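Please keep the sequence and the structure in view while reading.

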Amino acid sequence: MLKRSAAMAAKDLRLSISGGQGLVQAVLLGLLLIFLFSLSKPLGGVITPQAAGAIFWLASAFGLVLVFNDLFAIEEANGARVGILSSPAPVHAVWVGKGLAGLCLLLVSQLVFLPATAAFLGQNVYGPWWLLLATLIGADIGLVVIGALLGALSQGQAARESLLSVIVFPLLLPVLLAGITLFAMCFSPEPMGEPDSWLGLILAFDALFAGAGLFLFPFVYSGEE
Amino acid sequence: MVPSGGEALLSVRRAAKFYGGKLVFKDVSCEVRPGEILLVAGPNGAGKSTLMRMMAGLSRPSAGEVILRAEPERTAYLGHATFIYPGMTALANLGFWGTMYGLSPSRDELVTLLTRVGLERAAEEKAGSFSRGMAQRLNLARVYMVRPTLLFLDEPGTGLDPRSLALLRREITGFRDHGTGVVWISHHVDKDTALADTVLALGGRRVEYFGPAREYAPEAEAC
């Protein structure tokens, strides 16, 4: 299964990057959001670390929707989803492959958002870098687990952008809240409490929705009632 | 030529399909044996594609059962959708589908397959630039790669010019002659009945005819 997942991820990355849609759109929208929020900063004032964390994760969440819309649209062009379903490849290979591709694209867009957050929102990383990295990867896994599951749900729907946004954002609240708080700890020069419980929340979220995805994805992707 | 016969590759027993509360068809029973072409006929909306999706394991029957005895690795589906990724080359497309079928074809093997369908010169071209006929030939190369024992054809001739259509018919009978069981939904029932061994005609939410192709007299219907 891993070989098929890797082939799926490699194909998606190649098409998404060469197509210049999902990733480019996600980066541009995220940068625009960060820049627009930077305009709310009063002259000579500062944006709090909590607000900066919220803006970063808001940009990431919007990017997630664009990335997964694009990844699942790849199979819609010539009915390739039926080809995959009729092949002996396990459907979970699609979920893992799309998730891996989505994780790579989300991380690439965040590599742009992070310096933009520092530049436009006047933030520095005071906290430990390991915490920043652990938060980024842990929360991103939660985001892509949900994105890969619900991206499949919205495929073929005319209103997929709105459908995906409406369903995804409420589900993402716990992991976004943890990401925002942990990023605030990293951006703040003052100690803001212990990160353990928030990291635990991210781990629990990842585990819960990975389990749900494993169970639900075959039904969602095949469209079978 | 491999004679038809042997254990059925596919058995459908009293299958029914509902969408919500709406009946699509009921009491459908048939079998497909190696080296046999089953032509599925019927007017638009009779449930031909729904039945094929059920036979191919893409959808569950609401009642009855579908028994697939062919190995999943040797079962192929060729529809009017070409399954190609326009942003990838013909070689990359074929390589990807090879991996999905658990195969690891070398570049030379892929080129040989493309040569067989007359696409060797377009091997490195992006499939998005292909005509409908070329795209369907690339799709056919995918089927050759699988060397299917059971082949599902869902109106694969849609949009093809007469020359490509003739080539496709020749390939379909070629598969049958090599022992592949074929389930075929065709737009051209009048012509294609002559190539089939058995016909299953759907209409009025039930089976109107199931029997030898030579005894089937299609009504004037738009399939």
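In this predicted model, 21 residues of chain B are in contact with 22 residues of chain A. On the side of chain B that touches chain A, strand E5 (75–79) and helix H2 of chain B each supply at least two residues. The element that gives the most to this side is H2(B), with 3 residues. Sorted by class, the side of chain B that touches chain A comprises 13 nonpolar, 6 polar and 2 charged residues.

Helix H2 of chain B also takes part in packing within its own chain. Helix H2 (residues 90–100) of chain B packs with helix H4 (residues 132–146) of chain B at an angle of about 35°, and their axes lie 10 Å apart. The crossing of H2(B) past H4(B) is right-handed. From H2(B), the residues B:Ala90, B:Asn93, B:Leu94, B:Trp97 and B:Gly98 meet B:Leu138, B:Ala141, B:Arg142 and B:Met145 of H4(B). By class, this contact between H2(B) and H4(B) has 6 nonpolar, 2 polar and 1 charged residues.

The domain assignment of chain B places residues 86–148 in domain 2, while domain 1 is made of 1–70 + 149–223. The centres of domain 1 and domain 2 of chain B, taken over C-alpha atoms, are separated by 26 Å. To the contact, domain 1 of chain B contributes 10 residues and domain 2 of chain B contributes 6 residues. On the side of domain 1 of chain B that touches domain 2 of chain B, the elements giving two or more residues are strand E6 (150–154) and helix H5 (162–177) of chain B. That side of domain 1 of chain B has 4 nonpolar, 4 polar and 2 charged residues.

Chain B also contains an open sheet of 3 strands, ordered E2-E1-E4, with antiparallel pairing. Strand E2 (22–32) and strand E4 (63–68) of chain B stand at the edges and have a single partner strand each, so one side of each is left without a neighbour in the sheet. From one strand to the next, the twist averages 25°. Strand E1 (residues 10–19) of chain B pairs with E2(B) in the antiparallel sense over 7 bridges, and B:Tyr19 stands opposite B:Lys22 in E2(B). Helix H1 (residues 48–55) of chain B packs on the sheet, where it touches E1, E2 and E4 of chain B. The direction of H1 of chain B makes about 125° with that of E1(B).

Terms used:
Residues are numbered from 1 along each chain as its sequence is written. Chains are lettered from A and ligands numbered from 1 in the order in which they are written. This is a predicted model: local features need pLDDT of at least 70, side-chain atom pairs count only at pLDDT 80 or more; totals for chains, interfaces and linings use all residues. Domain bounds come from an automatic or database domain assignment. Two residues are in contact if their C-beta atoms, placed from the backbone, lie within 7 Å. Helices (H or I, at least four residues) and strands (E, at least two) are DSSP runs, numbered from the N terminus. Ala, Val, Leu, Ile, Met, Phe, Trp, Tyr, Cys and Pro count as nonpolar, Asp, Glu, Lys and Arg as charged, and the others, Gly among them, as polar. Two strands pair if DSSP finds at least two bridges between them. Axes are lines fitted to C-alpha atoms, for helices over the stretch in contact, and angles run from 0 to 180 degrees between N-to-C directions. A crossing is left-handed if the near helix is turned anticlockwise from the far one by less than a right angle, and right-handed if clockwise.
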